[in-house]
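Please open the structure in your viewer and keep the sequence panel beside it.

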Amino acid sequence: MLQYMRKNAGSWIIKILLFGIVVVFAFWGIGPYGDDPNTVITINKVKVPYAEYRELYSNLLDSYRQAYKDLDPEVLESLNLREQAKNLLLERYLLLEAARRLEVTVTPEEVAAQIASTPVFQENGVFAPHRYQSFLDFKRMTPETYESSLRMDMIVAKVTDIIKVSAVVTPQEVDESLMLLTRKAVATVLPLTPNDFVRKVAPPTPEEIQDYFDDHQDLYRVPETFRQAVVTIDPDDFTKKVLVSTEDMKELYGQMTMDFIVPGAFRVRHILFSVPEGAPAESVSQVRSLAGDVVQRIRDGEITFEEAARRYSDDASSAKEGGDLGFIEEDSIDPAFLQALRDLDEGEVSDPVPTDNGFEVFLGSEYREERIKPFEEVREEVEEKIRSDRAFDMAFDLADDLLDEADDTGKPLEELAREKGLAITVTPYFSRETSLESLDVPEDLLKAAFATQVGQMGDIFEENGKVYLFQTVDRKDPYLPPLEDVRKEVEGGVLIQKALQMAGEKAGEFLAEVRKGKSLESVAASVSKKTLRTDPFTVMDDALPGIEDAGKVITAAFSIEKPGGVAVASGERAHYLVRLEEIVVPDKEDLEEERGAVREALLYQRQQEVLAGYIQGIRDDLGERLVVHDELM
């Protein structure tokens, strides 16, 4: 368990639970793809198409973007979404195989009930068919396709619950994890890097160079490369050709009526009397009394509501406006005071209403009734949607025609594109390791090229509102260059390896000296180095300023029995002498604050372990009846 937590350091509880939330939505609305010829997974006779993997990856990416808000490239790379998508898809179908073996099923009535109870398909708590149809139209799915996908989701959920029920976390495990995760250490660290010793190592011999090259061929191997011709068809080029009649617009307006509802809204005017979190009862009573006195003064005409807001309200931004927050839609108003607003006549002042922020006083103001925007108000919006949808269909049809023409004539895609005046890009050679973002072509499209042969065209791609076609122009096999072509790089690798080994030997010597009574600072001075003193850190931290192999150092620090003890941490980039300075044990209140979250995360992880073990058993049992095409994913 601790090893898992270390690997997932940095707000690990949040990450575990966030991953669970993300996965819930990753498969939502993914249906069968019977017309996709590319198979990524085969289980028994069930074939999983590449298109399903591609859409799962896209959903996963969108879910993480919504969860993380600012998803920078470094975080995105660390998530390894392609591997996640592959593993999730494989797990899904292995669980479906488990359901078959356990005879777990879902009836049509259960599917219908699930659809009816889905909030996004409801209005005022009641299933709304037009909302369901709008969702299907947006996803470009038929009811049968979506309901088949939903049935699979429900079967997976059922069998997962059955498997997970055996997972248990004891109070003792929670206590132990709490203590491990919340105590902090402070350490003094002496890094010994290859750069400290690289000038002291002997030049590499021809034998060492050859041996290093033989042992590290993957570092120098030139990977398989590909070159693609990519046609981009922009629907914007077709918008002027689209004719839209008033009848067309009115028909779509009728179908989209629910999208043009403007909810009812109150003009909210308030005075906030704030109460600090955890304030004693006496303070709360004093604030309530002040709010009541101000209300009475307003009712008696001693002061206007606006004057009272400017003088007494703790909401600084609205106080300047006399307490005016403007119109707020009913659905966005806190239920704690929505009813108070509904009960007030215009100009009437409410009694103090207790809310999460303290006490609030409201002034009855205007109410804007719910309405549906009339056709003329949204005419341009409706016209733009029709024009956009039809232009996209024209672009897609053109791509489809190009595929057919390429099959019929055998002409290269590049030639056909030029005949039709279409933009075409011929990429430079790229490999599976190339940063595909730099090629300014959809990554998924280029990745699909890995499964094609020279001259073969891929499926039609849609991304960012555009349509793409591609054809593999050339692909070169991987090869290992001769040693002479990479000799300088290999010599550098040998030197670093020998210097790192020397750093490790020196770390061992220094460890023995310190244990005999020499100070860590004096052995550091002997190699013209300085020690680093860390800030307090927990076993879950994954970074320490100035230390590259932070995880190794943290593990070493917590392995030391008591302050003053020393250990060596051997990392991939350096070796470190670590002296434990102190251990800070959290107080009981801090432990109790984390108890619930730790128990929930531990239980989630235990459930995942049980589930993974069960799935692995099925995978082992399938043997050759399970085929995974990693190269396509």
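**First stop: a partly exposed arginine**

Select arginine 299, which counts as partly exposed because its relative accessibility is 44%, where buried means under 20% relative accessible area, exposed means over 50% and partly exposed lies in between, with a 1.4 Å probe and protein chains only. Before going on, note that this is a predicted model, in which local features need pLDDT of at least 70 and side-chain atom pairs count only at pLDDT 80 or more, while totals for chains, interfaces and linings use all residues. Residues are numbered from 1 along each chain as its sequence is written, and side-chain values use heavy atoms, with hydrogens and water left out.

Helices (H or I, at least four residues) and strands (E, at least two) are DSSP runs, numbered from the N terminus.

**Second stop: serine 350**

Is serine 350 buried or exposed? Serine 350 is buried, because its relative accessible area is 6%. Leaving aside neighbours within four places in sequence, its contacts (heavy atoms within 4.5 Å) include Arg299, Val295 and Phe362. A polar atom of the serine 350 side chain lies 2.9 Å from the backbone nitrogen of phenylalanine 362.

Select arginine 267 and glutamate 366, whose side chains meet in a salt bridge (3.5 Å, N to O). This pair also links distant parts of the chain, since arginine 267 is in strand β8 (residues 265–274) and glutamate 366 is in the loop between β11 (358–362) and β12 (367–368), 99 residues apart. The structure holds 40 salt bridges.

**Last stop: a sheet and a helix**

Show the open sheet of four strands, which has the order β18-β5-β20-β19 and antiparallel pairing; two strands pair if DSSP finds at least two bridges between them. Within this sheet, β5 (residues 184–192) and β20 (residues 575–584) pair over nine bridges, and alanine 187 stands opposite leucine 580 in β20. Finally, select helix α20 (residues 487–515), which lies across β5, β19 and β20.

Terms used: Axes fitted to C-alpha atoms, helices over the stretch in contact; angles between N-to-C directions. Polar contact = N/O pair within 3.5 Å; in protein donor to acceptor, adjacent residues only side chain to side chain. Salt bridge = Lys/Arg side-chain N within 4 Å of Asp/Glu carboxyl O.
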